[in-house]
Amino acid sequence: MLTEKLTAPGVFDVEQIRKDFPILHQTVNGKPLIYLDNAATSQKPLAVINTITDYYERYNSNIHRGAHHLAQLATEAYENARKTIAEHINASTKEVNFVRGTTEAVNLVASTYGRKFVKAGDEIIISALEHHSNIVPWQMLCEEKGAALKVIPINEGGEILFDEYLKLLSPKTKIVSIAYVSNALGTINPVKQVITEAHKVGAVVFIDAAQALPHQKVDVKELDCDFLGFSGHKVFAATGIGILYGREILLDTMPPYMGGGEMIKSVTFEKTTYNELPYKFEAGTPHIEGGIALGAAINYINAIGLDNISAYEHQLLEYGTKKLLEIEGLRIVGTAANKSSVLSFLINGIHPYDLGVLLNQQGIAIRTGHHCCQPLMDRFGIEGTCRASLAFYNTFDEIDQLAKAINKAVTILK
Ligand SMILES: *Cc1c(COP(=O)(O)O)cnc(C)c1O
């Protein structure tokens, strides 16, 4: 658990923090594990693991329906977690919908808001940096409605071209959907300005915040976004749980996504009345312990402090960039001025997958491939990259080990 020392201002005790993550303390192929695949999924602190165990040991029960003691405990814990998450992103609890993750959040908005309000000839804008889950649902919607998908281009560094974005905007624009932070390159997009401009033409904005939540403070009021989605597993909680934030007035106008239990007020064979927010979008028994543990994860990162996390990760990123660039033939893909702790790179003459395999032999976990961003890779004329994505439990020493391991692998592969 966290100590006072660690949360004291200006102090970031990474060794203390690492004690909260049991999985980090193991060897892989005889070497200490170095986990640098945090953009794919993050590791879980004891605060999260214990919350899940505690749920099953003490109060596992279905929520919202039961009069009995365990059902009351489970309901209270689940709704408290919703409150924690709502406060964290500065939303009301009615606006915080539990979903399975970012993918479901995008699909939910595309299939409800999108289906209701997007018509033939309308336009939806995304960026060249998007994850497949923020591309495909919009393509499906455009196909169904006869609408057009427009893409904001990026420069060589991986930054969106804002002037081009302004040119794409028009009264035909109904939805703009963009990543806050790119999972493949680390680019932090100027989402606040993107939102301001979209609102001028009357479009609503969905923010894919999957890679923002683990690294920085996200405030939906400050951003003034209309929708925002993120995944629990990327923010140190479980898989299969995530959040869709939506402005209450928009969620109110939207038809339900799935029909079933919990999302109804009353059902007869003639007519069903839908439940109020946020339950309208939460059909069926949810991932109860996942929701509760997501609240615990949010409490955990807040105890460390997102400002501390951001500052530390920025130092790691700068150090890692410098270290990697010392390696002959290595080039970093994604050099945005405003960047999160992702190091995507290529080495002349070496296939990313081969390097990934050799690093694994040295206990180092990185990701290789297209990172669910094939159109982005096409933009750079590459098939994929090697990606080391850092979290606040990574260390400067691990970066040294990474650089050393890459050098060793290069001598083998060349
Ligand atoms: C991981 C990720 C997604 C998809 O999240 P799921 O948890 O797979 O639903 C979407 N966008 C970004 C930027 C991501 O990193």
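Predicted model: local features only at pLDDT ≥ 70, side-chain atom pairs only at ≥ 80, totals over all residues.
View 1. Gln-211 places a polar side-chain atom 2.6 Å from an oxygen atom of the ligand, and for Thr-102 it is a polar backbone atom that is 3.4 Å from an oxygen atom of the ligand. Of the 380 Å² of accessible area that the ligand has on its own, the protein covers 86%, with areas taken from the Shrake-Rupley method with a 1.4 Å probe. Local features need pLDDT of at least 70 and side-chain atom pairs pLDDT 80 or more, whereas totals for chains, interfaces and linings use all residues. Residues are numbered from 1 along each chain as its sequence is written, and side-chain values use heavy atoms, with hydrogens and water left out.

**View 2. The shell around the ligand.** Among the residues that surround the ligand are Thr-103, His-131, Ser-133, Asn-183 and Asp-208, where near means that a heavy atom of the residue lies within 4 Å. By class, this shell has one nonpolar, eight polar and two charged residues; Ala, Val, Leu, Ile, Met, Phe, Trp, Tyr, Cys and Pro count as nonpolar, Asp, Glu, Lys and Arg as charged, and the others, Gly among them, as polar.

**View 3. The largest pocket.** The ligand takes up the space of the largest pocket, and a molecule is said to sit there if more than half of its atoms lie within 2 Å of the grid points. A pocket is an open set of points on a 1 Å grid over the protein atoms alone, with protein on both sides within 12 Å along at least five of seven lines, while a cavity is a set where a 1.4 Å probe fits but cannot get out; lining residues have an atom within 4 Å of a point. The volume of this pocket is about 360 Å³, counted as the space filled by probe spheres set on points joined across faces, edges and corners. The pocket is lined by 26 residues, and those closest to its centre are Ala-39, His-131, Asn-183, Lys-234 and Cys-372. Strand 16 (367-369) and helix 5 (102-117) each give two or more residues to the lining, and the largest share, three residues, comes from strand 16; helices (H or I, at least four residues) and strands (E, at least two) are DSSP runs, numbered from the N terminus.

**View 4. The largest cavity.** The largest cavity has a volume of about 70 Å³, and its 13 lining residues include Asn-38, Ala-39, Pro-214, His-215 and Leu-390, which lie nearest its centre.

**View 5. Backbone details in loops.** Leu-277 is joined to Pro-278 by a cis peptide bond, with omega near 0°, and Pro-278 has its place in the loop between strand 12 (272-274) and helix 11 (288-304). His-371, in the loop between strand 16 and helix 14 (374-380), has a positive phi of about 55° although it is not a glycine.

Definitions and conventions: Polar contact = N/O pair within 3.5 Å; in protein donor to acceptor, adjacent residues only side chain to side chain.
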